[in-house]
Amino acid sequence: MAIPTGSGTEVLKRTTINSQSNTATAFRWDGTMATTGTSTYTVPSNHIITVLSIIFSEQGGAAESISMLLNDGANNISLIDQSIPSLGTFVWNDKFVLTGGDKLTVVLSNSGNVDVLLSYIDQD
């Protein structure tokens, strides 16, 4: 985990998942979009991620149920199980922190199409 030394950075960033479906996808923290269905991306060592908000937008024209899990390296912690109406939006505004090795994944209960935008602060 990062320990403030006065020489690190604190940067506001965003990451996205396009066309999320029923195969788990982890967010990437390197400035690139996650490949849907890839669940191996983790927070880099010596980084602290403060999640500010997450916007889920249903794009397939059918109601969906989305789950979001935090894996701390040993355990899956369920953060949300949320229904989203057809062409609807759900905004998660609760802030939480991830540290090196943590993984944040989303998955739908059906093979649908939900876009996800996450805003965060990256400290190293």
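Which residues do ring pairs link into a cluster? They are Phe 27, Trp 29 and Tyr 120, and a few notes on them and their surroundings follow.

1. A word on the basis first. This is a predicted model, in which local features need pLDDT of at least 70, side-chain atom pairs count only at pLDDT 80 or more, and totals for chains, interfaces and linings use all residues. Residues are numbered from 1 along each chain as its sequence is written, and side-chain values use heavy atoms, with hydrogens and water left out.

2. On the overall fold, the protein chain has 0 helices and 9 strands (DSSP runs numbered from the N terminus: H or I of at least four residues for helices, E of at least two for strands). The radius of gyration, taken over C-alpha atoms, is 14 Å, which agrees with the value near 14 Å for a compact globule of 124 residues (the rule is 2.2 Å times the number of residues to the power 0.38). Along the principal axes, the C-alpha atoms fill a box of roughly 50 × 25 × 25 Å.

3. Back to the rings: there are 4 aromatic pairs (rings of Phe, Tyr and Trp, the last by its six-membered ring, with centres within 6.5 Å; planes under 30 degrees apart are stacked, over 60 edge-to-face, the rest tilted). One of them joins Trp 29 and Tyr 120 edge-to-face, at 4.9 Å centre to centre and 90° between the planes. Trp 29 sits in the loop between β2 (25–26) and β3 (48–58) and Tyr 120 in strand β9 (residues 114–123), so this pair ties together parts that are 91 residues apart in sequence.

4. How buried are these two partners? Trp 29 counts as buried at 5% relative accessibility, and Tyr 120 is buried at 0% (buried is under 20% relative accessible area, exposed over 50%, partly exposed in between, with a 1.4 Å probe and protein chains only). Another edge-to-face pair is Trp 92 with Phe 96, at 6.1 Å centre to centre and 90° between the planes; both of these residues are buried too.

5. Strand β4 (residues 64–71) deserves a look: 6 of its 8 residues are buried. β4 pairs in the antiparallel sense with β5 (residues 76–84) over 8 bridges, and with β8 (residues 103–108) over 6 bridges (strands pair if DSSP finds at least two bridges between them). Asn 71 stands opposite Asn 76 in β5, while Leu 69 faces Thr 105 in β8.
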